[in-house]
Amino acid sequence: MAYFTQQLINAITLGAIYGLIAIGYTMVYGIIGMINFAHGEVFMIGAFISLIGFMICNLLGIGSAPVAIVLVLLIAMAFSSVYGWAVERTAYRPLRGSFRLAPLISAIGVSIALQNYVQLVQGARPKPGGQVVSGGFTLFSADGFDVRVSWLQIIIVVVTLVLMAGFTWLIARTSLGRQQRACEQDMRMAALLGVDVDRTISLTFVLGAALAAVAGMLFLLYYGVIDFFIGFLAGIKAFTAAVLGGIGSLPGAMLGGLLIGLIEVFWAGYFSSEYKDVAVFAILVLVLIFRPTGLLGKPEIEKV
Amino acid sequence: MATLIEVEHLSMRFGGLVAVDDISFTGQPRQITAIIGPNGAGKTTVFNCITGFYKPTIGRLTLHGDRDYLLERMLGHEIGQRARVARTFQNIRLFPAMTVLENLMVAQHNKLMAASGMSIFGLLGLARWRTAEARAVELARAWLERIDLVDVADRPAGELPYGAQRRLEIARAMCTEPRLLCLDEPAAGLNPRESADLNKLLVSIRDLDGIGVLLIEHDMSVVMNISDHIVVLDYGRKIAEGDPAAIQRDPAVIRAYLGTDESGDDA
Amino acid sequence: MVGPRLPAMLKDAGLTTLVAAALGIFIVGFRTVDVGSRTGLGFDYEFADLGVALVVIFVGRFGLSLASIGLRWPAIALGAVMAAVGASPLELPSGFLHWFVVLGGVLLAIRAAWPWANQAFATAVATPGGRALDRLAAKWIGVLMLGFALVLPALPFADQKTMDLGVLILTYVMLGWGLNIVVGLAGLLDLGYVAFYAVGAYAYALLSTQHGLGFWAVLPLAGMFAATFGVLLGFPVLRLRGDYLAIVTLGFGEIIRLVILNWVDFTNGPAGIGSIPGPTLFGAVFAETAPAGKQTVAEMLGIPFDSNQRLIFLYYIILVLALVTNLFTQRMRALPVGRAWEALREDETACKALGINPTNTKLTAFAIGAMFAGFAGSFFAAKQRFISPESFTFIESAIILAIVVLGGMGSQIGVVLAAILLIGLPEWFRDLGNYRMLAFGLAMVLIMVFRPRGLIAHREPSIRLHPVASGGSG
């Protein structure tokens with residue numbers, strides 16, 4: 001029981017990170033129907049900017065962890081957003097109206113380019129860092145096993161919850177959210193009604209990138225080491241989360257992230273850690289085969 | 001004359017929306033049966049049910065061919081392959097990068113597939129395959145002559161003018177050698193001359209090829225000139241059925257097209 | 001002409017530079033390096049590099065604006081100046097920046113001259129003579145390339161390095177042709193193609209090292225295994241929409257790699273499989289001394305041993321395998337299945353309406369593509385004599401896909417050109433090695449944006465009603 005609880009706590013932490021990335025996939029898919037394959041790389045860049053940010057804070061002598069975290073969070077969100085914006089502007093926008101698979105191929109190109117760009121300018125070796133928060137407390141002990149919750153885990157879950165709440169509010173209540181939903185329904189009609197479609201799509205990428213950057217920072221804090229390749233696996237897992245939850249659905253992305261976290265952690269904890277990624281990929285394949293609309297997605301009617 | 005297609009109590013719901021509500025009608029061989037009605041009346045939905053793109057919520061669709069085919073139980077492509085129901089689309093769906101001739105060859109896929117021995121005879125270049133291919137090309141050429149596109153046979157279909165694409169799509173459907181041909185607004189976007197040519201083509205398909213035609217059309221000059229039988233839909237229901245003359249006099253049809261005059265007839 | 005627009009153009013260039021600065025300030029400006037102290041990481045500040053890069057971007061963007069309002073000569077001149085500055089012995093913070101400045105200048109000049117070149121080319125092709133030449137070129141370029149490939153080992157410059165490169169390029173040509181069936185003809189975006197390559201490679205590695213089977217016995221088996229995998233994996237997923245299919249195939253590719261990596265008892269895991277025997281010629285081996293009971297090729301032919309013989313033999317094997325792939329594909333294109341592949345790529349709904357079974361048709365494309373990857377994989381294992389899961393990562397699939405996309409989806413000659421460009425060039429210019437994958441990714445984006453139909457966009461009909469005077473097949 002104690003072991004189970006500990007795994008559950010770890011799973012929720014990991015699921016929160018996946019959920020944050022998954023929102024970016026799901027929003028972009030919802031609005032322009034493309035898989036933003038490069039989204040995982042934006043997450044990776046967010047993690048790198050966070051790492052550099054923490055090091056700069058250290059140099060500047062900002063010793064207070066909460067101040068450093070908030071500062072770095074804002075910097076990472078702001079500067080990763082520029083990546084999200086620039087990628088959409090240069091690699092995707094010119095392809096609207098091109099053939100069906102063009103945006104996806106372009107996105108794969110962006111993903112490869114960004115990975116190698118970071119490898120070139122930052123080096124290929126894993127980067128340790130981000131040991132900003134340490135410590136925690138013992139929740140309870142049973143069977144000679146201490147169930148521990150670290151402060152970091154609490155920070156991760158709280159940051160995720162706050163952001164997701166804010167985000168849900170943004171989509172549900174503001175004019176940006178309304179415009180986004182209008183574009184999802186019918187882009188041409190939205191444009192006729194005076195919605196600036198280009199701007200709305202840009203903002204969608206910016207928001208997705210900002211959330212991915214948060215996930216990148218939390219990932220850095222949680223694992224304490226990053227490299228240029230983390231975006232690939234995390235990206236696919238988050239995409240799996242988005243599909244599992246029902247692509248296009250925001251609550252679905254959060255639920256999917258949580259489930260993927262649970263599956264990964266429990267698979268590693270109870271079966272074998274070698275095959276935990278296989279388990280996630282298998283989930284992706286199985287969901288797409290048997291329930292391509294996911295748990296909370298709406299079915300699509302083929303128009304003939 | 002034996003009935004070709006029998007639509008019985010067909011209903012189609014999408015979530016809460018009832019697109020087609022308990023429609024029954026029949027289509028005969030060597031006849032053009034038109035399905036007309038205002039926009040959103042459910043005409044294309046009926047077609048999509050007949051050709052297997054939608055599974056009807058309720059209803060039975062029977063095609064009487066060499067045996068009886070229950071269309072609602074068949075997979076999309078089986079309806080073309082076995083029951084031999086061919087169709088065209090409201091927004092033309094050719095294979096644009098492929099040539100005109102290739103479009104007609106693709107239509108003869110199942111026949112040629114068998115002749116090519118699942119590609120094995122074809123890869124070996126056996127005589128059996130070569131004669132079958134030559135025959136397929138001849139069929140295609142015959143159709144190109146009928147629709148007057150022989151000269152452009154080797155041009156990509158996507159480069160043809162609009163009217164020619166419409167004709168080609170019909171020829172492509174005919175190259176599957178269907179028992180029933182379903183045409184979804186074939187006259188849409190055509191000028192009066194092209195429209196008149198289309199009339200001739202459809203009449204020749206009925207009289208020369210001797211198959212049954214189901215026709216969705218808004219252009220009344222086409223419908224009234226060539227239809228043998230007309231089914232009128234409105235809001236997913238059948239409101240009238242009969243020959244062109246009868247339909248033109250039918251008060252329910254007039255009401256549907258011209259709007260309801262509340263003070264006059266009963267609603 | 002420039003006067004009134006100048007402020008706007010400068011503003012645009014400034015904004016672009018600002019965005020680039022925001023992109024680069026952290027990631028490029030602060031290079032994290034191991035310093036070995038307690039914290040582990042320190043900074044190398046690269047602001048000089050960043051600054052130069054930003055200047056290049058500002059000038060480049062301004063030049064593009066000039067070109068876009070019709071001032072092409074000034075833009076070309078600007079590009080030339082940039083290239084000259086980059087190539088000059090001027091002191092720049094790093095060697096890479098020289099390249100960056102030169103490349104920026106050259107790209108600007110090309111972009112500025114592009115409309116002219118394009119137009120000139122279009123008018124030339126539109127003339128009857130040009131059209132005939134175009135067709136002739138399409139026909140003869142293939143023959144010329146084939147002739148060159150056949151005599152390459154006999155040419156004076158064909159040293160070991162060249163032959164190695166030839167084998168490498170041909171391997172990718174074969175993989176490109178195989179994937180072209182799936183992506184180019186059938187329009188199915190397969191991101192896990194390398195999995196079938198891995199199946200073929202491991203099939204040969206395991207059957208030869210553990211059961212003593214020879215290359216020629218395993219080759220067909222490997223193709224069959226890979227095709228079977230293709231059918232098994234393809235059957236459940238081929239009805240999915242394009243982009244979902246892409247992700248699922250990516251998932252399958254990774255699953256197969258991870259299984260190979262972790263099923264140590266069967267595949268020897270990350271350590272890989274070594275001492276895989278090479279292919280034999282009529283039972284004779286390529287080695288200086290033959291193992292017991294075998295004969296070396298040199299002995300059999302009565303010629304002196306030369307280590308290059310093995311390489312030349314491998315070269316001709318992959319050449320023949322690649323040609324078989326090509327001929328088979330050309331043949332299939334003119335058969336009903338092949339036409340149905342292309343029709344499916346064009347419009348699946350229309351195919352269904354014509355009574356074509358989409359799943360079966362896609363499955364044949366998938367299985368045949370997989371089969372050729374299996375052949376290529378066997379060859380790869382026999383050539384390398386050592387394989388490990390590292391050779392079968394997603395990036396390998398992406399490279400093959402890039403070859404197909406750059407070549408022009410469905411074009412056989414295009415695949416060859418793209419393989420030479422993407423595999424050959426980076427190998428020749430070793431300096432560029434590190435930047436190869438970066439260039440790869442950027443190339444994929446640029447092709448999609450500027451030339452989505454690839455280098456060779458021409459599609460030759462699979463059948464003609466009216467024979468063409470000069471003939472020709474591409």
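Leaving aside neighbours within four places in sequence, with which residues is Gly29(C) in contact? They are Gly24(C), Tyr45(C), Glu46(C), Phe47(C) and Leu50(C), where contact means that the C-beta atoms of two residues, placed from the backbone, lie within 7 Å. This is a predicted model, in which local features need pLDDT of at least 70 and side-chain atom pairs count only at pLDDT 80 or more, while totals for chains, interfaces and linings use all residues. Residues are numbered from 1 along each chain as its sequence is written, and chains are lettered from A and ligands numbered from 1 in the order in which they are written.

**Chain C overall**

- Chain C has 18 helices and 2 strands; helices (H or I, at least four residues) and strands (E, at least two) are DSSP runs, numbered from the N terminus.
- Along the principal axes, the C-alpha atoms of chain C fill a box of roughly 80 × 75 × 50 Å.
- Of the 474 residues in chain C, 44% are buried. A residue is buried if 20 or more other C-beta atoms, placed from the backbone, lie within 10 Å of its own, exposed if 12 or fewer, and partly exposed in between.
- Among contacts in chain C between residues at least 6 apart in sequence, 73% link residues at least 24 apart.

- Gly29(C) sits in the loop between H1 and S1 of chain C.
- Gly29(C) has 19 other C-beta atoms within 10 Å and is therefore partly exposed.
- Tyr45(C), one of its contacts, is 16 residues away in sequence and 5.8 Å away in space, C-alpha to C-alpha.

**Where chain C meets chain A**

- The contact takes 51 residues from chain A and 45 residues from chain C.
- Elements that each supply at least two residues on the chain C side include helix H1 (6–27), strand S1 (30–34), strand S2 (41–45) and helix H8 (215–237) of chain C.
- Helix H9 (242–262), helix H16 (394–407) and helix H18 (436–450) of chain C are also among them.
- H9(C) gives the largest share of that side, 13 residues.
- By class, the chain C side has 33 nonpolar, 8 polar and 4 charged residues. Ala, Val, Leu, Ile, Met, Phe, Trp, Tyr, Cys and Pro count as nonpolar, Asp, Glu, Lys and Arg as charged, and the others, Gly among them, as polar.

**Nonpolar core and helix packing**

- The largest nonpolar core holds 328 residues; such a core is a set of buried Ala, Val, Leu, Ile, Met, Phe, Trp, Tyr and Cys residues joined through C-beta atoms within 7 Å.
- Val214(A), Tyr197(C), Ile318(C) and Ile403(C) touch the most other members of this core, and helix H8 (residues 197–223) of chain A provides its largest share, 16 residues.
- Apart from neighbours within four places in sequence, Tyr197(C) contacts Leu175(C), Ala373(C), Ala376(C), Gly377(C), Phe380(C) and Phe392(C).
- The axes of helix H5 (residues 151–173) of chain A and H8(A) come within 10 Å and cross at roughly 175°. Axes are lines fitted to C-alpha atoms, for helices over the stretch in contact, and angles run from 0 to 180 degrees between N-to-C directions.
- H5(A) is thus roughly antiparallel to H8(A), the term for angles over 145 degrees.
- Leu152(A), Ile156(A), Val159(A) and Leu163(A) in H5(A) meet Leu211(A), Val214(A), Leu218(A), Leu221(A) and Tyr222(A) in H8(A).
- This contact of H5(A) with H8(A) has 9 nonpolar, no polar and no charged residues.

**An enclosed helix in chain C**

- Helix H13 (residues 336–346) of chain C has 11 of its 11 residues buried, so it is largely enclosed by the rest of the structure.
- Its buried residues include Arg339(C), Trp341(C), Glu342(C), Arg345(C) and Glu346(C).
- These buried residues of H13(C) pack against helix H3 (100–107) and helix H4 (109–115) of chain B, and against helix H6 (160–185), helix H12 (308–333), helix H14 (348–353) and helix H15 (358–384) of chain C.

**Chain B: sheet and backbone**

- An open sheet of 4 strands in chain B runs in the order S2-S1-S4-S5, with antiparallel pairing; two strands pair if DSSP finds at least two bridges between them.
- Strand S2 (17–27) and strand S5 (68–70) of chain B are the edge strands, each pairing on one side only.
- Strand S1 (residues 5–14) of chain B pairs with S2(B) over 7 bridges, and Met12(B) stands opposite Val20(B) in S2(B).
- Arg30(B) has a positive phi, near 55°, and lies in the loop between S2 and strand S3 (32–36) of chain B.
- Glu185(B) has a positive phi, near 50°, and counts as buried with 20 C-beta neighbours inside 10 Å.

Technical notes: Parallel < 35°, antiparallel > 145°, perpendicular 65-115°, else oblique.
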